[in-house]
Structures are given as structure tokens and as C-alpha cells.
Amino acid sequence: MQKESNISRAFTWLEPGPVILVTTNNGKRNNVCTISWHMVMDFSPHIAITTGNWNQSFDTILHTRECVLCIPGLDLLDDVLYAGMHSGTKIDKFARLHLTALQGNFVKAPLIEECLACIECKLESHIETYGILIFKGLQLWENKSRKENRTAHAVGDGSFISDGHIITKYRKNMRTKIPDGCTRF
Ligand SMILES: Cc1cc2nc3c(=O)[nH]c(=O)nc-3n(C[C@H](O)[C@H](O)[C@H](O)COP(=O)(O)O)c2cc1C
């Protein structure tokens, strides 16, 4: 079940660089696409993704100025591939993949119940030359009931790396660099 969480730790879901699902709603229906080019820009958080008009999602985001960045577990890798290899122009990917769309607090784009976390975002800036969209994260949701908590990381050549061992022993060394309440594990 997706539950509201503190936005201050939203960046911890993206900083490790997992492949993500980006949801949109164009006023007629929901859509979802796969994005692996993303970057956390600060703690607030501002988040950049790189995309372009070859994706329906890009046009919808420019039009609606919002989206949800969803972090799937490794168990959703087949869906990640499908969402990234098919355009939503003709296919209802939510229906096809049996993904459960949930309403968030700030945007019409849906959360995905089956994901580990979802970040509701508003578009703040578009750097046209590079296809960079910069979002402000408004609300973090986390689903702590998933059995598979590892994320997948796209290499870019069609192969993926799954999370391995999590090392937490350096947390105290980094405390002065990190705002309070940002612990993920
Ligand atoms: C693993 C993976 C990663 C991808 N990462 C990106 C990305 O970072 N930026 C991008 O524009 N497209 C990326 N894509 C391609 C889009 O997800 C793809 O064009 C998708 O069909 C767009 O769907 P839409 O037209 O419904 O928006 C990726 C695809 C895969 C399979």
C-alpha cells in the first residue's frame, strides 16, 4: 500500500540511479514510460530527466506540467521493458500491464501501487537544447509491503544491474552533509 512519506527523503530513492517509471495523465487517460536518464539536483528535491518528443509522455508533461516519478522493484523489470519499448499513443499501458493507478495529493498523473515509491512532481523548467525537464518533488509515497525491495539499474545496452549489498556504516560520517529525516534504510 502506498503511504505518504516525508518529501525530504525522496532524493534517496533516485540518487542510486534506478530505472524509473514516469506516469502522466493527458486529461483522457493515464500513461507510463520508462526513464533511466535522471538526476537529483538538490535536497528539496529538484530532479532532472532527459527526454524528447519521440515520447508521448514528453508532450503530456509539457502540456500538463506535472508527472509522477515511480521507483519499481526488480520484480517489475518486465513491465519496465514493456513501458519503455511501447508508446502510449495507441496502447493503454496501465491496462496492458495490470498496473494499479492511485490518486496522489497534488497532480492528476497517477501513483503506481506496485512500485516501491512514487514522487509527485511539478515541472519547473525545460532546457530545450538538451531535452532536460526539471521537476520539483512535492509528495513522496512509499509502499513498504512489497516483497522485492531491490531496484534495477539500466546499463544502457539492454542489460541491467540489480541492487547488491547495502552498506550503512558510513551514515554517521556523512551526517553533517545531509538534512535531518533523510534516512531510507
Ligand atoms: C530501460 C529503458 C530506459 C529508457 N530511458 C529513457 C530515458 O531516459 N529517456 C527517454 O526519453 N526515453 C527512455 N526510454 C524510452 C522510452 O521509455 C520509450 O520511448 C517509451 O516508449 C515512451 O513511451 P510513451 O511514448 O508512451 O511516452 C527508455 C526505455 C527503456 C527500455
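A polar side-chain atom of N31 sits 2.8 Å from an oxygen atom of the ligand, a polar contact in the sense of a pair of N or O atoms within 3.5 Å. This is a predicted model, in which local features need pLDDT of at least 70 and side-chain atom pairs count only at pLDDT 80 or more, while totals for chains, interfaces and linings use all residues. Residues are numbered from 1 along each chain as its sequence is written, and side-chain values use heavy atoms, with hydrogens and water left out.

**Ligand contacts**
- T34 brings a backbone N or O atom to 2.8 Å from an oxygen atom of the ligand.
- In the side chain of S57, an N or O atom is 2.5 Å from a ligand oxygen.
- The ligand taken alone exposes 650 Å², and the protein buries 87% of that (Shrake-Rupley method, 1.4 Å probe).

**The shell around the ligand**
- There are 19 residues around the ligand, and T34, N55, S57, S87 and G88 come nearest (a residue is near if one of its heavy atoms lies within 4 Å).
- β3 (30-35), α2 (56-64) and α3 (77-85) each supply at least two shell residues; β3 gives the most, with four (helices are DSSP runs of H or I, at least four residues, and strands runs of E, at least two).

- T51 lies in the loop between β5 (46-50) and α2.
- T51 counts as buried because its relative accessibility is 5%, where buried means under 20% (1.4 Å probe, protein chains only).
- The side chains of T51 and N55 make a polar contact at 2.9 Å.

Methods:
A polar contact is a pair of N or O atoms within 3.5 Å; within protein, one must be able to donate a hydrogen and the other to accept it, and residues adjacent in sequence count only if both atoms are side-chain atoms. Buried means under 20% relative accessible area, exposed over 50%, partly exposed in between (1.4 Å probe, protein chains only).
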